[in-house]
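Here is a structure to explore together, one question at a time. Take a look at it first, and then we'll work through some answers.

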Amino acid sequence: MTVSGIYFDNNATTKVAPEVLESMLPFFTEQFGNPSSIHQFGNQVGRKINSARCQVQNLIGAEFDSEVIFTSCGTESNATAILSSVKAQPQRKTIITTAVEHPAILAVCDQLDKEGYTVIRLDVDEKGRLDLDTYKRQLNDDVALVTIMWANNETGTIFPVVEMAELASKAGVMFHTDAVQAVGKVPVDLRTTKIDMLSLSGHKLHAPKGIGALYLRRGTRFRPMMRGGHQERGRRAGTENTASIVGLGVAAELAQKRIVAENTTVRGLRDRLENGILSANSHCYVTGDLSNRLPNTCNVAFEYIEGEAILMMLNKKGIAASSGSACTSGSLEPSHVMRAMGIPFTAAHGSIRFSLSYYNTQDEIDRVVSAVPEVISRLRQLSPYWSKEGPLKENAQAFSPTYA
Amino acid sequence: MWDYSETVKEHFYNPRNVGAVEDANAIGDVGSLSCGDALRLTLKVNPETEVIEEAGFQTFGCGSAIASSSALTEMIKGKKLDEALEVSNQDIADYLEGLPPEKMHCSVMGREALQAAVANYRGEVWKDDHEEGALICKCFAIEEPLIVDTIKANKLSSVQDVANYTKAGAGCSACHEKIEEILDRELKARGEIFVPNAVRPDLAKEPRTVDASITSEMLAASKKATKPKFTLVQRIQKIEKAIAEVRPTLQADRGDVKLIDVQDKTVFVSLTGACVGCQMAGLTLNGLQQKIMEELGEFVQVVPLSKRQLEEAGL
């Protein structure tokens, strides 16, 4: 792995911002106190946690700082939200979600499904969009929770969660959004919405791994997942991860300052990358809702070749991206997101996600654009679906293997 | 990213025998429906000698699929068709110095392409009988269909049974929840109810100390015993009889076990062949210990001796 690699996998995780790291260091040394303690060692730390809470509150536009609960990660926030909703409303036995959620949502819903809950997984169209009329028809008194991601991690497609929360609210149904990919990339102003709960994750916005937060609107019925001490007002017991909470606070403040740059500079870089790749390579296309997606994400499906092979070749050139290919995940299935959009498997397996951050440069974009064609053409030379001229699919030599 | 061996990486970055062989007289097209990988193997077979003179591949798939294809073509070139057909998917994986368990199906695809190509050359129709499914046990690369079929065929009803018959679940034990789900489903299908053990099943433990290796069945067996008195010769005969009963199972896996010594309640044995270093050795010994206790009607402990211990003891 070259140290001077190009990192285009920021939807997987981001680097810790230097300012964030600096803010954290004292909490490993002299500021080691337990924020619950009454003495000066603890007291100062407690105050720092409160200010971090306000920084997160400002980033997401929460009305009160007490609506922010620190957790260990996005997954914990998601599980807490879902399990709380079913525990607090035992008479309600349905969960509404989408077919393209992150496993942190889907696996919890699958488990509830096994335990007798009805889970409605809303389908998406070929661009990854939801049908709001179908959604509206599903809202009723049996629904304990609607949980819809704000933006998709693979394609960046943004769901109309603000509107969907309004609809849920009118039907008297609790609404949660997994906004792990959205916070810091699109403006979020919760006080003006009907969203009851929102999950966010530190390491997606240049805070460290192992810290997240759950927004819980004041008055929303809640049952903690972790009970114990009185930390986080008894809603998430366990001694606070003080250094990371402080780091998340600083990262939230940075993200707020950079939200315009994300949607101008970073978006510009992403578009340059996307246009460059599309014009330099044949038989590839962008997946997701092009007119409504995260400014940093670009998912390109390269037909007739496989994603892991592409990633390995890119990795050799020092370029880091990710893929919806089955082979990169350890499962045999290609990405559930690609399948839900009906992308044919010869393209779904070759889908590559490039996700940028504030720290990427135009030079990096240009280097990736010029590196990709060689990788693609080399792998196509190996592909049974491809001849020297192009895809074999529409002639007599067409490759149609016996499938096991 | 996967922890690929250097050989896998070498064959991926510099694949051998890429492309279709000109004038090929054997073509095998196979694909794996579940993972989406696909492979075309083209061979030039000498009609006189049936020797594979040239082999070429085209693969749609991941790094290990491409490396497995490349390895396969290298391995079969120059071989007669019947010799080539003896190349197993494990041979392909070995040639590549190992594949991650999740990737073993890539080597299976290579072997299937070869079978399909040979069938094509011989004018036969190749039918695939390999059933692919979700990978359940990552330690031993065991997929769901094998577990389901084995449960059905042998009426298995516990995680321990599944581990004994398929090895699935005999390693790190992280897949036990999934195995329990399969058991629950399969037992329901045959009108039974799956009752999991409240305590953890005793899997691949090394019977080092008496306490740690006593299972509930062993205790029951030793309680049941009426403690008959045997001479030393009778005891050894009975122990040999118990060993003879488990031996065929071990030999089926290319292993063996030998009685070394009996001292009071301790039976010393040596494991040979494939048993050495097998993660299942502990399980095998527990089974053997159980058998010996049933024969003798008393509690004994079976202790395996390593090669070094045997040499030191001059045995």
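Q: Is B:Asp82 buried, partly exposed or exposed?
A: In this predicted model, the relative accessibility of B:Asp82 is 47%. Buried would need a value under 20% and exposed one over 50%. Because 47% falls in between, B:Asp82 counts as partly exposed.

Q: Which residue does B:Asp82 meet in a salt bridge?
A: Side chains of opposite charge can pair when their charged atoms come close. For B:Asp82 the N to O distance in the salt bridge is 3.0 Å. The pair links helix α3 (residues 81-84) of chain B with the loop between α5 and β4 of chain B, 40 residues apart. The partner in that loop is B:Arg122.

Q: How many residues apart in sequence are the parts that A:Arg353 and A:Asp9 tie together?
A: The side chains of these two residues meet in a salt bridge, 3.1 Å from N to O. A:Arg353 is buried at 9% relative accessibility, and A:Asp9 is buried at 12%. A:Arg353 lies in strand β13 of chain A and A:Asp9 in the loop between β1 and α1 of chain A, so the parts they tie together are apart in sequence by 344 residues.

Q: Is A:Glu76 buried or exposed?
A: A:Glu76 forms a salt bridge with A:Arg236, with the closest N and O atoms 2.7 Å apart. A:Glu76 sits in helix α3 (residues 74-88) of chain A, while A:Arg236 is in the loop between β8 and α7 of chain A. Because its relative accessibility is 7%, A:Glu76 counts as buried.

Q: What length does helix α2 of chain A reach from its first C-alpha to its last?
A: This helix covers residues 40-60, which is 21 residues. At 1.5 Å a residue, the expected span is 30 Å. The model comes close to that, reaching 31 Å.

Q: How many residues does the largest nonpolar core have?
A: Among the residues with the most contacts inside this core are A:Phe302, A:Phe354 and B:Leu43. A:Phe354 is in contact with residues including A:Phe8, A:Leu273 and A:Val368.

Terms used
Residues numbered from 1 in each chain as written. Chains lettered and ligands numbered in written order. Predicted model: local features only at pLDDT ≥ 70, side-chain atom pairs only at ≥ 80, totals over all residues. Heavy atoms only, no water. Helix = DSSP H or I, 4+ residues; strand = E, 2+ residues; numbered from the N terminus. Expected span 1.5 Å × (residues − 1). Core = buried A, V, L, I, M, F, W, Y, C linked by side-chain atoms within 4.5 Å. Buried < 20%, exposed > 50% of the residue type's maximum accessible area, 1.4 Å probe, protein only. Contact = heavy atoms within 4.5 Å. Salt bridge = Lys/Arg side-chain N within 4 Å of Asp/Glu carboxyl O. Lists of a residue's contacts leave out its neighbours within four places in sequence.
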